[in-house]
Amino acid sequence: MDLTHLRENRRHGTQDFPVGVYRMELPAGHPILENHWHEETEFLAVESGRAIFQIGASEYELQAGDAIFVPGGEIHGGYPAEDSACTYTAIVFDPGMLIGGREGETARFLQHLQRGRLALPPHFGKGTEWGERAVGRLERMFKLFESADPAREMKIIGELYLLLAEFWSAGVSVSRETEAPSEARTLERLKEALKFVETNFGRKLTVRELAEAAGMSEGHFCRVFKTYMRRTPVEYVNHFRLRYAARRLSDSDATVGEAAAEAGFDNFSYFSKLFRSLYDCTPSEYRKAKAQGGRTEVR
């Protein structure tokens, strides 16, 4: 994921096989997953440890053997559960590849899922036979993705069909047509404000501007923002700017002062203080570590 942007612009997998699998092994207290969204569907399974994952405004605590389903377009992220470490794997894919030229009930099921008219349980795993079977299919796909099997892509597609069939057979998929449209509108308005940050972060921004971009009052905007993003608007903007500056320091010849200015900071001391609080080092130390191929952790 491009950590300077909330929305992922990267392609998951390839054009011919739009499937990506990502494994993260994180020590205790380490950030789990930045809040973001993408148009593709995602399943995420916890292999060890515990963490809290957020989908929209709802939170779910997962431990080994648990998984979540994230519909395309939904803001989601994760953070540590107390002092637990966490290892998880996610598969991100375009459900459209499973439809192709199909017709009939299977095509309709997949189309409703792709268009957001059908929802799968957001949290599943231990406790139900179908949930355990679904997690088992995820684990098989993860292993296939890392294998040298020449038929791995075919087998993964087959497992995706069988995975979705587990939900269908268990009767746990739910129509989303009866959901109140207000939440969907709120989410889309929030995304407009986040896009506004992406294109204007290099200059001074006010909460009023962001609220206007979202078409909300300042008070309502701040409450909605904190609910979905776990940060205040100001904290989010500063975090976004710091990520941008860090990327400039690692990927370009820009000076520390230039990176700070491009990121929208007009006070160098304030920038350095925030940078150290996030990366546990100075901007110069960060650049040196990156140049030497070292790893810098985000707090």
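## Reading the labels in this predicted model

User: Why is Cys222 called partly exposed?

Analyst: Cys222 has a relative accessibility of 29%, and because buried means under 20% relative accessible area, exposed over 50% and partly exposed in between (1.4 Å probe, protein chains only), Cys222 counts as partly exposed. This is a predicted model, in which local features need pLDDT of at least 70 and side-chain atom pairs count only at pLDDT 80 or more, while totals for chains, interfaces and linings use all residues. Residues are numbered from 1 along each chain as its sequence is written, and side-chain values use heavy atoms, with hydrogens and water left out.

User: What makes Cys86 buried or exposed?

Analyst: The relative accessible area of Cys86 is 1%, and therefore Cys86 is buried.

User: How many disulfides are there by the rule?

Analyst: A disulfide is a covalent bond between the sulfur atoms of two cysteines. Here the rule asks for a pair of cysteine sulfur atoms within 2.5 Å, and by it the count comes to 0 disulfides.

User: How do you know that the length of helix H7 agrees with its number of residues?

Analyst: Helices (H or I, at least four residues) and strands (E, at least two) are DSSP runs, numbered from the N terminus, and H7 covers residues 233-251. Among the buried residues of H7 are Pro233, Tyr236, Phe240 and Leu249.

User: Why is Thr87 called buried, and what is it in contact with?

Analyst: Thr87, which is found in strand E7, has a relative accessible area of 7% and is therefore buried. Contact means heavy atoms within 4.5 Å, and, leaving aside neighbours within four places in sequence, Thr87 is in contact with residues including Arg23, Leu26, Ala45 and Ser48.

User: What makes a nonpolar core, and which residues of the largest one touch the most other members?

Analyst: A nonpolar core is a set of buried Ala, Val, Leu, Ile, Met, Phe, Trp, Tyr and Cys residues joined through side-chain atoms within 4.5 Å. In the largest such core, of 31 residues, Phe43, Ile91, Phe124 and Leu138 touch the most other members. The largest share of this core, 8 residues, comes from helix H2. A second, separate core of 21 residues includes Ala211, Val224, Tyr228 and Val237.

Methods. The expected span of a helix is 1.5 Å times one less than its number of residues.
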